[in-house]
2 protein chains.
Amino acid sequence: MTPRRRRGEELVSAIHKAVLAEVAEHGYAGTTYDGVAARAGTSKPVLYRRWPTKAAMVLDASLEASPGLTLPPDTGSLSGDLKAFLRTAQSMMERAGRQTLLSLLAELDRSAGESLRDLLFARGADIIEPLLDRARARGELGDSPLPPRVITLALNLVRHEVVIVGALTEETLDIIVDEIAVPLLTSRSLRGTPGSA
Amino acid sequence: MTPRRRRGEELVSAIHKAVLAEVAEHGYAGTTYDGVAARAGTSKPVLYRRWPTKAAMVLDASLEASPGLTLPPDTGSLSGDLKAFLRTAQSMMERAGRQTLLSLLAELDRSAGESLRDLLFARGADIIEPLLDRARARGELGDSPLPPRVITLALNLVRHEVVIVGALTEETLDIIVDEIAVPLLTSRSLRGTPGSA
DNA sequence: CCTCTAGGGAACGTTTCGTATCTTGCCTGG
DNA sequence: CCAGGCAAGATACGAAACGTTCCCTAGAGG
């Protein structure tokens with residue numbers, strides 16, 4: 001037998017793979033340091049040297065596996081663009097797993113939670129902005145600046161449905177876009193953005 | 001010494017109280033059957049006879065302690081009414097605790113989760129509807145029926161902020177109401193509810 | 001070739017879990 | 001009022017996971 005001994009990058013990557021496999025097989029709650037160590041062919045001290053908690057370990061593994069959000073191709077309409085984008089956001093969250101996301105949110109403190117924000121929020125506004133620019137170029141939107149919360153509205157609703165409610169059908173996504181997000185974005189720019197005062 | 005032995009209602013109530021105290025003191029993750037049994041002056045078998053999991057036990061205790069949502073007094077405007085209502089919803093969720101809510105969402109299966117919906121969703125639409133009726137009576141809204149998702153929009157956003165983001169300032173709540181919910185509710189009724197087609 | 005770092009094995013005490021067993025207070029029916 | 005039974009509460013248990021310690025050694029670098 002050849003007792004090969006992995007190091008650094010190679011080792012970490014193998015551990016991440018083992019973590020994701022354990023989570024997929026036993027769920028987040030059923031994932032243990034012992035189980036990961038066994039599957040990865042390593043030992044607990046190796047894991048504890050790198051991650052102080054299970055949450056941190058699973059988070060790192062999930063982050064590595066996450067494809068990240070990208071700007072979808074132009075579909076010809078704001079509605080279509082938003083739906084395409086939101087679908088990638090949805091699949092990203094569902095890939096990580098609802099139970100896992102909820103557990104990470106519950107267990108990670110504010111400091112470690114910063115990285116989790118990358119997975120869950122992933123600079124969503126930075127992707128939606130270009131979609132709105134496209135829409136403006138088409139004449140779907142006015143030029144008045146939109147409040148940040150209005151921009152991220154649709155993504156926040158998708159996150160709410162996927163993470164808290166636990167389900168997001170195609171139909172619901174259509175409603176979020178066509179009955180809520182798009183009407184608000186366009187009506188705001190057609191009328192004078194009255195504000196609260 | 002008088003080894004009084006409590007039964008039924010009285011016992012359950014004492015246990016619930018102990019559960020909430022344990023959660024308040026050690027957090028949801030730090031709450032254990034042993035700890036609850038010790039604090040309640042009972043024993044683990046008594047707990048296991050009633051609740052199969054910690055999540056079910058904490059849920060029951062939280063439900064008993066939750067005041068439930070109520071119709072706020074008329075503030076004279078839809079914006080004011082909505083804010084008053086959403087503040088009670090917020091305080092209800094914050095009373096239960098973010099970590100606790102997230103953990104319960106993560107651990108409860110669909111069947112047991114039904115009760116949790118009472119705590120988190122609590123027939124929100126049933127309370128918002130009367131607020132909208134008031135607004136119609138004032139002439140703030142048209143008569144066209146509003147889609148369900150538009151009605152619960154503000155509550156969903158509040159839930160998202162409190163549970164997922166972990167913070168909801170007065171300022172953010174104002175924005176949700178005045179820049180998102182109210183504009184959408186009113187613009188919808190002023191224009192012909194165009195829909196997606 | 002030597003050294004030093006870090007991987008990996010093994011075992012430890014502790015905590016919590018979930019259950020089984022037993023005694024006994026207390027409610028109920030006769 | 002007494003006899004039965006039901007459930008409270010105490011105790012103890014094995015299993016599992018935790019988090020840590022000790023030690024040995026593969027393998028990278030000088």
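**Two chains and the surface between them**

The side chains of B:Arg149 and A:Glu161 meet in a salt bridge, with 2.9 Å from N to O. This is a predicted model. Across the interface of chain A and chain B, the rule finds two salt bridges. It also finds six residue pairs in polar contact there.

Which elements of chain A give two or more residues to the side that touches chain B? They are α6 (98-107), α9 (148-165) and α10 (170-190) of chain A. Of these, α9(A) gives the most, with eleven residues. Now sort the residues on this side of chain A by kind. There are 15 nonpolar, eight polar and nine charged residues.

Next, take the interface as a whole. On chain A, 32 residues are in contact with 32 residues of chain B. Together the two chains bury about 3,100 Å² between them. Carbon and sulfur atoms account for 63% of that area.

How do the two copies relate? Two copies of a chain are related by a rotation about an axis and a shift along it. Here, chain A can be laid on chain B by a turn of 180 degrees and a shift of 0.0 Å along the axis. The RMSD is 0.0 Å. That is the relation of a two-fold axis. The copies meet through the same surface, because 100% of the interface residues of chain A are also interface residues in chain B.

Finally, turn to the aromatic rings. The structure holds two aromatic pairs over all chains. One pair is A:Tyr33 and A:Tyr48. Are their rings stacked or edge-to-face? The centres are 4.0 Å apart and the planes are at 10 degrees, so the pair is stacked. This pair links distant parts of the chain. A:Tyr33 is in helix α2 (residues 33-40) of chain A, and A:Tyr48 is in helix α3 (residues 44-50) of chain A. The two residues are 15 residues apart.

How values were computed: Residues numbered from 1 in each chain as written. Chains lettered and ligands numbered in written order. Predicted model: local features only at pLDDT ≥ 70, side-chain atom pairs only at ≥ 80, totals over all residues. Heavy atoms only, no water. Contact = heavy atoms within 4.5 Å. Buried area = accessible area lost by both parts, 1.4 Å probe. Salt bridge = Lys/Arg side-chain N within 4 Å of Asp/Glu carboxyl O. Polar contact = N/O pair within 3.5 Å; in protein donor to acceptor, adjacent residues only side chain to side chain. Helix = DSSP H or I, 4+ residues; strand = E, 2+ residues; numbered from the N terminus. Nonpolar A, V, L, I, M, F, W, Y, C, P; charged D, E, K, R; others polar. Least-squares fit on C-alpha atoms with pLDDT ≥ 70 in both. Phe/Tyr/Trp six-rings, centres within 6.5 Å; stacked < 30°, edge-to-face > 60°.
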